[in-house]
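Thanks for coming, everyone. Please look at the structure on the screen while I talk.

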Amino acid sequence: IRANLHRAPMYSGQIQSTGPRYCPSIEDKVVRFADKNSHQIFLEPEGRNTREFYCNGISTSLPRDVQDQMIRSIKGLERAEIMRYGYAVEYDFAPPTQLFPTLETKLIPGLYFAGQINGTTGYEEAAGQGLLAGINAALKVRGQAPLILDRSQAYLGVMIDDLVTKGTSEPYRMFTSRAEHRLLLRQDNADQRLSGIGHAIGLLPDRNFRRFEAKRRAISSEMARLQRTRNGQMMLADLLRRPEMTYATLPGRDESLDPEVGRQVEVTLKYAGYIERQALEVERFLTMEDRVIPVGFDYGKVPSLRMEARQKLEKIRPTTIGQASRISGVSPADLGVVMIWMKRIQALPKSETRDEVASGCCAAEENLDIPSAHNQCCGDL
């Protein structure tokens, strides 16, 4: 690999774009981690009825003859054949900050972007965007309200909010660590989070939704029973909260209950305190998220708004105060000024002076949960 770096497009200058941070090529690893004398790879079977393996950990754009030498230098693969050689893809992308959260472009109504054109990596990220863009395109044709998943509902909502609010300078990958509400975004409760939405927009058939409703009722019913039934001096619900206890070993459990329902009851009760705390955070988040910023709002007319905040707000054009709060360089004080001006602007008489606006600003401030808004708004004015 070292002897042929000059033949790799990423190092020969043929490709000059930024590569994925979390999935570098083997030649990139050899250069970046030159102090290491080995690198672990995984041979993943492509299927039950094939002898093909995917070589995970050695993605490359080196020439074919180098790839052959590289693979056959691995013990056990001396006679291996490469069915499909590795290669590099360089693509242009449209800045995702030019998109609404529906993935419709701000510049051309009715045009939706999804996938690597938005600066993401492929596979799951592209599939998720395609799903949401397709749903919203269909809803627009029907004249129905768009579907926007927020950060507390799905990882897809986290990814799209990241893209349209912050943009990206390298291929974006979705990680659970990006989600501040990941305790709620669990695999085991995906049906509870999204079945209602899927059914409402026509993607989840009635029979599947009825099955989900029955499961939800069973969970609710069993939790209520455990909270009112005692085992000696202790309620069954409190007993199940103990670290060593599971629903399968719980005295007084319902033997006829679906094991999946039992697991959900167990998770909900064991982590109830943490889940409730995060639910309160989501409630505060949604309060901000529901404050819609009028289309075409003129940030240039907002007095006392810092230049950096004004420039970034004008560039991103957030649709809600919640989205605006996640733009780097926009402070809580900036948001306070914007919200106050949103309240004032529609009823602002042309003859009103700047001092009178300041008085109104201070009076409106008392209704905001942003302590720093008062000082900036009234002090600067």
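Predicted model: local features only at pLDDT ≥ 70, side-chain atom pairs only at ≥ 80, totals over all residues.

Salt bridges to begin with. The count comes to 19. Take arginine 84 and glutamate 52. Their closest N and O atoms are 2.8 Å apart. Where do the two residues lie? Arginine 84 is in the loop between α3 and α4, and glutamate 52 is in the loop between β1 (42–45) and β2, so this pair ties together parts that are 32 residues apart in sequence. Arginine 84 is exposed, at 58% relative accessible area. Glutamate 52 is partly exposed, at 21%.

Now two bridges inside helices. An α-helix has 3.6 residues a turn, so residues three or four places apart point the same way. In helix α5 (residues 155–166), lysine 166 and aspartate 162 are four residues apart, about one helical turn. Their side chains form a salt bridge, 3.9 Å from N to O. Buried or exposed? Lysine 166 is exposed, with 52% relative accessible area. Aspartate 162 has 4% relative accessibility, so it counts as buried, the limit being under 20%.

Glutamate 222 is buried, at 4%. Arginine 225 is partly exposed, at 21%. There is also a network: bridges with shared partners join Arg151, Asp161, Asp162, Lys166, Glu180 and Arg326.

On to the aromatics. How many aromatic pairs does the whole structure hold? Two. Phenylalanine 209 and phenylalanine 212 have ring centres 5.9 Å apart and planes at 40°, so that pair is tilted. Both lie in helix α7 (residues 206–228), about one turn apart. Phenylalanine 297 and tyrosine 299 pair edge-to-face, with 5.0 Å between centres and 70° between planes. These two are buried as well.

Next, threonine 102. It lies in the loop between α3 (64–72) and α4 (124–142). Beyond its sequence neighbours within four places, threonine 102 contacts residues including Tyr112, Leu132 and Pro146.

Helix α3 has buried residues too, among them Val66, Met70 and Ile71. The buried residues of α3 pack against α2 and β2 (53–56).

Last, the surface. Met10, Tyr11 and Val31 make a nonpolar patch of about 230 Å². Valine 31 belongs to helix α2 (residues 26–32). Valine 31 is partly exposed, at 39%.

Note on methods: Residues numbered from 1 in each chain as written. Heavy atoms only, no water. Helix = DSSP H or I, 4+ residues; strand = E, 2+ residues; numbered from the N terminus. Contact = heavy atoms within 4.5 Å. Phe/Tyr/Trp six-rings, centres within 6.5 Å; stacked < 30°, edge-to-face > 60°. Buried < 20%, exposed > 50% of the residue type's maximum accessible area, 1.4 Å probe, protein only. Patch = residues over 30% accessible without salt bridge, like charges linked within 9 Å, V, L, I, M, F, W, Y side chains within 5 Å. Areas by Shrake-Rupley, 256 points an atom, 1.4 Å probe, with all protein chains shown as cover. Salt bridge = Lys/Arg side-chain N within 4 Å of Asp/Glu carboxyl O.
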